[in-house]
Amino acid sequence: MSADQPTLPILIHEEHHHHEGETVEESKRSHTVDAAIDFIGGINGAIASVYVGQSLDTVKVKMQTFPHLYRNALDCFLQTYRQDGVARGLYAGTVPALVANIAENSVLFLFYGLCQKAVMVLRGRAEVSHLSPVENAFSGSGAAFFCAFTLTPTELVKCRLQAMREMASQGKLEGGLERLKLGPWGITKEVLQVEGIRGLFKGLTATMAREMPGYFFFFGGYEFTRHMLTPEGKTKDEIGAARTVVAGGVGGLCLWSSIFPTDVVKSRIQVESTVGKIAPGFLTTFNKILKTEGPKALYKGLGPTLVRTFPATGSLFLAYETTKKFLTNLADGR
């Protein structure tokens with residue numbers, strides 16, 4: 001090129017491919033930060049869920065384990081309130097329920113986020129936000145496997161506390177009504193002393209059989225409802241509090257409608273396998289209920305559960321999504 005020839009400017013065109021819903025901040029945020037956000041969101045969701053739904057959860061467990069003692073859910077609710085009041089009656093087991101739900105939902109949402117990323121890679125999606133409701137449902141089912149290990153011990157303590165009066169009044173509990181004074185820590189200590197760590201995992205198989213298919217429908221129902229409620233031109237994160245609560249409530253209804261018989265079996269195993277007794281097997285308990293009480297027994301307590309689950313899971317997802325949005329903006333410096 002000669003010295004007097006004009007030099008033409010060289011234009012370099014840089015293409016930045018940002019998919020819908022993706023920002024520069026999102027692409028820079030690490031998986032560890034995302035996991036921490038999901039974990040904390042799960043904690044806040046769990047706390048909201050327990051305080052909204054604990055009284056009806058107590059009714060559910062009593063109806064599942066001692067269906068012959070109560071005419072219906074309302075009768076169970078009123079008898080429990082008259083005999084033991086609010087703190088020791090309707091909200092019995094609140095501390096282990098909080099521990100159980102915080103442990104379950106923090107781990108659940110942590111692994112839900114991780115499983116979403118795994119499914120995203122396997123399905124060749126560009127972003128987690130591009131997953132279909134069915135793909136999100138499989139992510140939830142995978143996450144449920146891990147949270148079963150954190151849930152089983154606390155569920156065992158909670159169920160025994162909730163059904164202690166009935167067990168004692170029928171002579172099935174050594175120490176009788178005096179054992180009502182035992183709190184969650186007392187029961188945990190007793191199990192550990194007599195049976196060791198394995199004693200806290202009675203009902204693990206039943207819990208897994210409940211959790212994995214249950215959370216397929218839970219997250220599938222939630223994500224499908226969010227998808228259907230999203231106005232044109234907006235994302236699922238912009239549907240607002242009321243629609244988030246509705247989507248969460250639908251997810252809860254899908255969860256419990258699909259797993260209730262399994263949950264009845266789990267509750268029976270955990271309540272009847274009192275300290276020092278061998279836990280009955282899942283199929284043994286299932287067949288015993290069918291033969292002695294009939295199929296209807298597998299749905300005892302479903303009514304209060306469905307009444308409880310809509311506001312409880314609605315508040316869970318509202319707290320989770322609100323926390324996630326706040327922490328994401330904080331992490332991105334917005």
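**A cavity and its surroundings**

A: Happy to! In this predicted model, the largest cavity has a volume of about 340 Å³. A cavity here is a set of points, on a 1 Å grid over the protein atoms alone, where a 1.4 Å probe fits but cannot get out. The points are joined across faces, edges and corners, and the volume is the space filled by probe spheres set on them.

Q: Which residues are closest to the centre of the largest cavity?
A: Ser49, Asn101, Glu104, Trp256 and Arg308, out of 24 lining residues. A lining residue has an atom within 4 Å of a point.

Q: And which helix gives the largest share of that lining?
A: H2, with six residues. The elements giving two or more residues are H2 (31-65), H5 (94-123), H6 (133-162), H9, H10 (241-272) and H12 (302-331). Helices are DSSP runs of H or I with at least four residues, strands are runs of E with at least two, and both are numbered from the N terminus.

Q: How does the lining divide into nonpolar, polar and charged?
A: Nine residues are nonpolar, seven polar and eight charged. Ala, Val, Leu, Ile, Met, Phe, Trp, Tyr, Cys and Pro count as nonpolar, Asp, Glu, Lys and Arg as charged, and the others, Gly among them, as polar.

Q: How many cavities are there in the whole structure?
A: The search finds two of 30 Å³ or more.

Q: New topic: how many helices and strands does the chain have?
A: There are 12 helices and zero strands.

Q: How much of the chain is buried?
A: Of its 334 residues, 47% count as buried. Buried means under 20% relative accessible area, exposed is over 50%, and partly exposed lies in between (1.4 Å probe, protein chains only).

Q: What about the largest nonpolar core?
A: That core has 27 residues, and those with the most contacts inside it include Leu108, Phe109, Tyr215 and Phe218. H10 gives the largest share, eight residues. A nonpolar core is a set of buried Ala, Val, Leu, Ile, Met, Phe, Trp, Tyr and Cys residues joined through side-chain atoms within 4.5 Å.

Q: What is Phe218 in contact with?
A: Leaving aside neighbours within four places in sequence, Phe218 contacts Gly251, Gly252, Leu255, Thr313 and Phe317. Contact means heavy atoms within 4.5 Å.

Q: Is Thr305 buried or exposed?
A: Thr305, found in helix H12, counts as buried because its relative accessible area is 0%. Not counting residues up to four places away in sequence, Thr305 touches Lys60, Trp256 and Phe260.

Q: And where is Pro231?
A: Pro231 sits in the loop between H9 and H10. Its relative accessibility is 28%, so Pro231 counts as partly exposed. Beyond neighbours within four places in sequence, Pro231 contacts Ile239 and Arg243.

Q: Where is the confidence lowest and highest?
A: Lowest in helix H1 (residues 24-28), with a mean pLDDT of 50, and highest in helix H9 (residues 204-229), at 91. The pLDDT is the predictor's confidence in each residue, from 0 to 100. The chain averages 81, and 84% of the residues score at least 70.

Conventions: Residues are numbered from 1 along each chain as its sequence is written. This is a predicted model: local features need pLDDT of at least 70, side-chain atom pairs count only at pLDDT 80 or more; totals for chains, interfaces and linings use all residues. Side-chain values use heavy atoms; hydrogens and water are left out. On a 1 Å grid over the protein atoms alone, a cavity is a set of points where a 1.4 Å probe fits but cannot get out, and a pocket is an open set with protein on both sides within 12 Å along at least five of seven lines; lining residues have an atom within 4 Å of a point.
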